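Let's take a walk through a protein model together, with the geometry kept in plain view. Have your viewer ready and follow along.

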Amino acid sequence: MILGEAIIQKLKASGIQTIFGVPGGGTSSDLLCTMDEHGIEFILTQHETTAAIMASVVGEMTQIPGVCIGDLGPGALSFSPGLAYAQLDRAPLLLLTDRYGNENVSYALRQNVSHHDSFSPITKLSSTLSTTNWNSMLNRGLKVALSPHYGPVHFDIPNDIVKQEVDSQIQPFDAQIPKAFPDEKSVQQAVEAIQQAKKPIIIAGLGINFGTGRQFSLLEAFVSQHHIPIFKTAKAKGAVSDDHPLSLGLFMGGKLEAPIMENCDLIIAVGLDPVELLPKKWTYPQRIVSISTTANLEEVYHADIEVSGNLENGLRSIHEKLADSNSQWQQESIDSYRQRVIDTLTVPTEGLTANQVVEVAQQVLPSDTLMTTDVGASKLIVTQLWKSVHPRSFFISNGLATMGFSFPAAMALQHLYPEKTVASLTGDGGFMMKLPEIATAVQNKWPVIMIVFSDQRLSLMDVKQKSKGYKKSVGNRFTAPNYVALAESFGANGWSADNEDDLKKAIQAAVKSDNRMPSIIEAKIDPSTYHKQFQAIRDL
């Protein structure tokens, strides 16, 4: 068996069903032909970053590393934002790239850059496969990608060995990472702290998403039975339904949460990864009980009690030992806080607002919609107002916080779940970065619904410049395409709306469409509300 075939068979035996990428003429081209022979699907994207984000989202959902492949030099370097997403948003990812053969790698200059030097800061492991180490190194790579924190792994494959004969015995890869049980002493300390607290709150973070799925029902039972209100970070939306009576909505560590944070006396951090927190000093004085798969090594916040080990086991151990809590939270206080958030973010204006776009989308789209969003001004409104009622149903880049995430993420989800409704609420700045991927969605018949907040500017930069006292914003405006004509030129569906009625009709038409084509819906919004909204949400 030749190396290229052995690699593909190894990946297939490890549960890999799809590989994303932009191939070159070297190793990646050989792997493509071998994939076709062995039943692994290859999806061509218009840019390498798209491939890496799609593979990362597949890894997040399946908890088997997503895989992407690409060329050497500029092709490899173009994966960098996607690798950084996987690193900071904790997604298991495997990248395979071409490399010059051993005879030329130190001699050639054209397109010759060190992938390892480039990728070391944004991967957990970057190395090279050989005819003798390929089996064990792939095992190592897959395990490293799936070890907390999940993240990206990269391997070069020299182009002079891909057709060389190798040992045909493929070592099996066991995707099961050992599930450590928490220390009994720390569990008991956590139980006592919760019992003593009169106004405890939970902040659930992205770490809650990794596990068998039983952690979500455990968390909901914990919240309900002990009457403990819960915040969720952006990547944990839906872990407990936003419609749950004890849901406090989004936590970002900003101004909106102050009424709750000033009145609580214990913080229970469940899978709260500091990578999602605002880049500022943690100022909350309350004691913290941390329940997490990983130890709190970063010390962005100090955990007084750490229940480390498998998160599901930790949550279950505390829940079973906690006979009762002394929570004195009144439902009226929680309801009042939730209404206050809505009222604070409601800013009157004559045009269509971002709030209205979210509200209309919520009314029309099915309750089990898989929703993605992008980074920018609209993100702060979407994350606050969109209600996620199911676990793993809301997707955002909140660690890297990269623009251009929402469209690739939506396509990856539609690929995994072809019968589900997948939609995106995205700013036009982020969407413009991924316009060519309309072709990818059309080619693969992915009926994603892209709802674009159209204001022809980088509104978050506009708000920040004004907040700094400048008389006018500079460098934030751009020309918008005719979104309807653009969509139709690719064979996609297109609508444009500047009021709630037309927007509602457009989303309804997109949901009812049966042509399996993506839908691009331009929502022409008035961005004038953003400045006041952001002053209420967080310090800029």
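First, the ground rules. This is a predicted model, where local features need pLDDT of at least 70, side-chain atom pairs count only at pLDDT 80 or more, and totals for chains, interfaces and linings use all residues. Residues are numbered from 1 along each chain as its sequence is written, and side-chain values use heavy atoms, leaving out hydrogens and water.

Two packed helices are described by the angle between their axes and the distance between the axes. Here helices (H or I, at least four residues) and strands (E, at least two) are DSSP runs numbered from the N terminus. Axes are lines fitted to C-alpha atoms, for helices over the stretch in contact, with angles running from 0 to 180 degrees between N-to-C directions.

Start with helix α1 (residues 3-13), which packs against helix α2 (residues 27-38) at an angle of about 50°, the axes lying 9 Å apart. The two are therefore oblique to each other; angles under 35 degrees count as roughly parallel, over 145 as roughly antiparallel, 65 to 115 as roughly perpendicular and the rest as oblique. On the α1 side, G4, E5, I8, Q9 and K12 make the contact, and α2 answers with L31, T34, M35 and H38 (contact means heavy atoms within 4.5 Å).

Now turn to helix α18 (residues 459-467) and helix α21 (residues 530-537), which pack at about 75° with axes 10 Å apart. α18 and α21 are therefore roughly perpendicular to each other. From α18 come S459, L460, V463, K466 and S467, and from α21 come Y530, H531 and F534.

Next, where does I318 sit? I318 belongs to helix α11 (residues 311-321), and I318 is buried, with a relative accessible area of 0% (buried means under 20%, exposed over 50%, partly exposed in between, using a 1.4 Å probe and protein chains only). Leaving aside neighbours within four places in sequence, I318 is in contact with V187, A190, V191, I194, F222, I291 and V307. The C-alpha atoms of I318 and V187 are 5.9 Å apart, although 131 residues separate them along the chain.

Finally, the record. UniProt, in an unreviewed entry, places "domain: Thiamine pyrophosphate enzyme central" at residues 187-316, a stretch that is 25% helix and 21% strand, with end C-alpha atoms 10 Å apart. UniProt also places "domain: Thiamine pyrophosphate enzyme TPP-binding" (unreviewed entry) at residues 374-522, where the chain is 41% helix and 15% strand.

Definitions and conventions: UniProt positions renumbered as here; feature names shortened; annotations may be inferred.
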